[in-house]
Amino acid sequence: MTLRSWIEGKRVGLIANPRAGKGDDRLDETLASLVGCLSGATIAAAGGTREALAATASGGSCELVRGGGRAGEAAERLLDAGVDVVVGVGGDGTLRDIAEAVVRRGSAARLIGIGVGSSNVGALVSAAAADAERLFDGDAGEMWVHALGVAVAGEPIGLAFHDVAFANTYFGTRAGKRMDLDAEAVLRGEDRPAEPRSVCGRGSWIAKNGRRVLGAAEIEGGQVVASPLNDVDACRGRAVGGFLCWGPYLGCSGLLAAASTLMIRTRLEPEDLKASEPLRLWHVGFSPHDVIEVGGLEGGAVVVDGTPKHELGTSIAVALTLRENAVAVLRTGSLPGCGGAVA
């Protein structure tokens, strides 16, 4: 059964981030295409939004819910209205906000992620905007996605379905150009580019279940990133390509990686890597019963699925826990990452 056929008769919530990707024209084209793919479903959207206008412009009906605002808030209202599926149009951060709302509400609704953002590499992305029609014409399937819970001083600050990076910059698109943006500045309401630098200093450390496993001797001047392990079977059995994916062999569903040099930046030239050779990597695997802590970082922010969430400092420790099978993402057999069939 195709995804287009499977979705017939269902109630589908539609959410789009007008600030993601390369502009309003591209978003309007994507929304018009999606509304056509959803012609057999009942579409619901927040009133006054671009997605609501696209749904009504097609001549079909659109159930309107009150409020909206940010993607997570709109998702909560649509879930409370009883939608079966949420279609999110945006970047990794937008899709994370929607998926987090699904988890927060304890909903069984599935997610379809249409990537129009700066990266579009997370496990929540069902297809890029250009492949949306091919997605709906393919065989319907679903993949359960793990998440990392992120907390500071015992207070949750978000769920990461792709990664948690400890950095002074994050990726963004400005004037159609992908660039490194200042992670600390955006938390203060400022929007400006910045040069990536390491936030790992002489007092930095990483602990697992209360035991220090890495310190400044290993990670000073480097970079730390953690991720749930989704879509790892493609790397099984590959010596180099699969080296970061020991999860299938060790039973770990999450991994923290610390590198001896800066790896997350929009421009990474061969000369940068050559200057850092030999590159050293340290891995800390974890399962749902483990707690990973990262502390003593010098400035920057904790960046959750591409979105800066909390400032870092030498006195701040960030705790990471694993939540397996947090949300179901609809995929298709004709695109990478398809899971089991949808009944």
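This text walks through the overall build of the protein and then through several of its salt bridges.

The structure is a predicted model, in which local features need pLDDT of at least 70 and side-chain atom pairs count only at pLDDT 80 or more, while totals for chains, interfaces and linings use all residues. Residues are numbered from 1 along each chain as its sequence is written, and side-chain values use heavy atoms, with hydrogens and water left out.

The protein contains 10 helices and 21 strands, where helices (H or I, at least four residues) and strands (E, at least two) are DSSP runs numbered from the N terminus. Of its 343 residues, 51% count as buried; here buried means under 20% relative accessible area, exposed means over 50%, and partly exposed lies in between, with a 1.4 Å probe and protein chains only. Among the contacts with a separation of 6 or more, 69% are between residues 24 or more positions apart, a contact being heavy atoms within 4.5 Å. The protein exposes about 15,200 Å², of which carbon and sulfur atoms supply 49%, as computed by the Shrake-Rupley method with a 1.4 Å probe, where for residues only the protein chains shown count as cover.

Side chains of opposite charge can pair when their charged atoms come close. A salt bridge is counted when a side-chain nitrogen of Lys or Arg lies within 4 Å of a carboxyl oxygen of Asp or Glu, and by this rule the count comes to 19.

One of these salt bridges joins Arg50 and Asp28, whose closest N and O atoms are 2.8 Å apart. This pair links distant parts of the chain, since Arg50 belongs to helix α3 (residues 50–57) and Asp28 to helix α2 (residues 24–37), 22 residues apart. Arg50 is partly exposed at 26% relative accessibility, and Asp28 is also partly exposed, at 35%.

Arg104 is partly exposed, with a relative accessible area of 44%, whereas Glu100 counts as buried at 13%.

A further salt bridge connects Arg110 with Glu142, the closest N and O atoms being 2.9 Å apart. Here the pair links distant parts of the chain, with Arg110 in strand β5 (residues 110–115) and Glu142 in strand β7 (residues 140–152), 32 residues apart. Arg110 is partly exposed at 23%, while Glu142 counts as buried at 16%. Finally, salt bridges that share partners join Glu76, Asp80, Arg96, Asp97, Glu100, Arg104 and Arg105 into one network.
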